[in-house]
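Grab your viewer and work through a few exercises. Each one has a task, then a solution in steps.

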Amino acid sequence: MNNHKLSDKIVTLLLLLVCSLLPSMAQDNVIDRVEWVVGDKAILRSDIEQAIEFWIENDQKFDGDPYCVVGEDLAVQQLFIHQAGLDSIYVTEADVMKQVDNTLSRMLARAGSKEKLEEYLEKSYTQIRDAYYEYFEKTMLTEKMKNHVIGDVKVSPALVRKFYNSLPDDSIPFVPSQVEVQIITQKPEIEFEEIERIKSELRGFTDRINNGETSFSTLALLYSEDKGSARQGGELDFMGRAELAPEFASVAFNLTDPNKVSKIVETEFGFHIIQLIEKRGDRIKVRHILRTPQVSQKSIDMKLARLDSIREDIDSARFTFEEGASIISDDKDTRSNNGVMFYTNQEDGTSNSKFELQDLPVEIASVVERLKVGEISRPFSMVQRNGTTVCAIVKLKSRTEAHKANMREDYDYLKQLYTQKVGDEKVAKWIKKKQKSTYVRINKEYRDGKFAYPDWNFIEE
């Protein structure tokens, strides 16, 4: 314990020495420099510049000098990350990789190719991915720690109404246009030859592993279409049955020999082979290889024609859209809800069927934007998050025009704003307390900057 404290002091003294030397160096010779010290953590100018790039890429706005705004954000982030370590709060690699993959997919779509993205950012794709992994790991850990600080927020109609009545007229929020959408989907059938091709591939992988020709991890890295786990040689985090697709879990939890490869397993994502790594009680760690069959254009066209026929039947009053969604639709999430699309708030578990267009899948939003209330779209195809292709028709159930929020129409929206306000107040109070008890030093030129949390107890140089 004493050695640990001593090393902390040495680190801090070294950082102070670096900080004191940097201002005396000629500006032209500075490659990097310490801008902040929070506790024993140095925040370099390069850290701030990289974070600024990420802010720009994710369309985040700067309220003031970017170096001041982002520098403070990294300092606050360090307060939360340090506390998360003390409280044993962490984020899983799988969750971080989902964010990384989603972001890189958007960037690749904008750039046009991996090569163009590398040229634009002047980094290799591996360097870009690693940088985003570090960024999202810190950001997600900070958010998780914030949620821990906020805890449960008590909400009632009376509290929401009191909050609404306390708002000055010119501060009542403007609710953007929202839509309610119903959907009927049909999955194109995958041709037998394509399924056999995929199964043959997986059987070949199994033979190569069993013959000692190569390892499961190597084949997962090269061929698995689960990009998040492929990077780790197919490894998934420890998971319980409920966290896995039922078919996958049924086979995975029956594995007993880490040297054996499972039979081929089919799930909604495609076909898998699985290898056991370790079991711990009711949780399991495995690696897998996913291969996804490709749907032919012929199959897609057949389902589009089928949906066009369904649309004509609904228009002819042979049955309603709601009946079609309940009986015909392949979409398990909306089938029991008359086809109404909805999303679930991860914080309080409540569901809401009202979407802003930007929050709908791109293919659906572009169709809905042109529909009148009650109108049914022409059939179209789209790729879902799990990588599978579906065909769909949608009906615009309702459209609410942009308006000033009111208790009658916008209770859920106002409830969300109230919860956010209470959470922000708790977080600000926690940060203020930490500012008083944490060693903080900042480069002179930013000391008089405009800070979101102005109570920094800066150590004088």
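**Exercise 1.** Does Tyr223 count as buried, partly exposed or exposed, and at what relative accessibility?

Quick ground rules: this is a predicted model, where local features need pLDDT of at least 70, side-chain atom pairs count only at pLDDT 80 or more, and totals for chains, interfaces and linings use all residues. Residues are numbered from 1 along each chain as its sequence is written, and side-chain values use heavy atoms, leaving out hydrogens and water.

*Solution.*
- Take the cut-offs: buried is under 20% relative accessible area, exposed is over 50%, partly exposed is in between (1.4 Å probe, protein chains only).
- Tyr223 comes out at 34% relative accessibility, so it's partly exposed.
- Phe205, at 7%, counts as buried.

**Exercise 2.** Classify the ring pair of Phe205 and Tyr223.

*Solution.*
- Rings of Phe, Tyr and Trp (its six-membered ring) pair if their centres lie within 6.5 Å; planes under 30 degrees apart are stacked, over 60 edge-to-face, the rest tilted.
- Here the centres are 5.1 Å apart and the planes sit at 25°, so the pair is stacked.
- Phe205 is in helix H8 and Tyr223 in helix H9, 18 residues apart. Helices here are DSSP runs (H or I, at least four residues), numbered from the N terminus.

**Exercise 3.** Now try the rings of Phe54 and Tyr135.

*Solution.*
- With centres 4.4 Å apart and planes at 45°, this pair is tilted.
- Phe54 lies in helix H2 and Tyr135 in helix H6, so the pair ties together parts 81 residues apart in sequence.
- Both Phe54 and Tyr135 are buried.

Terms used:
Helix = DSSP H or I, 4+ residues; strand = E, 2+ residues; numbered from the N terminus.
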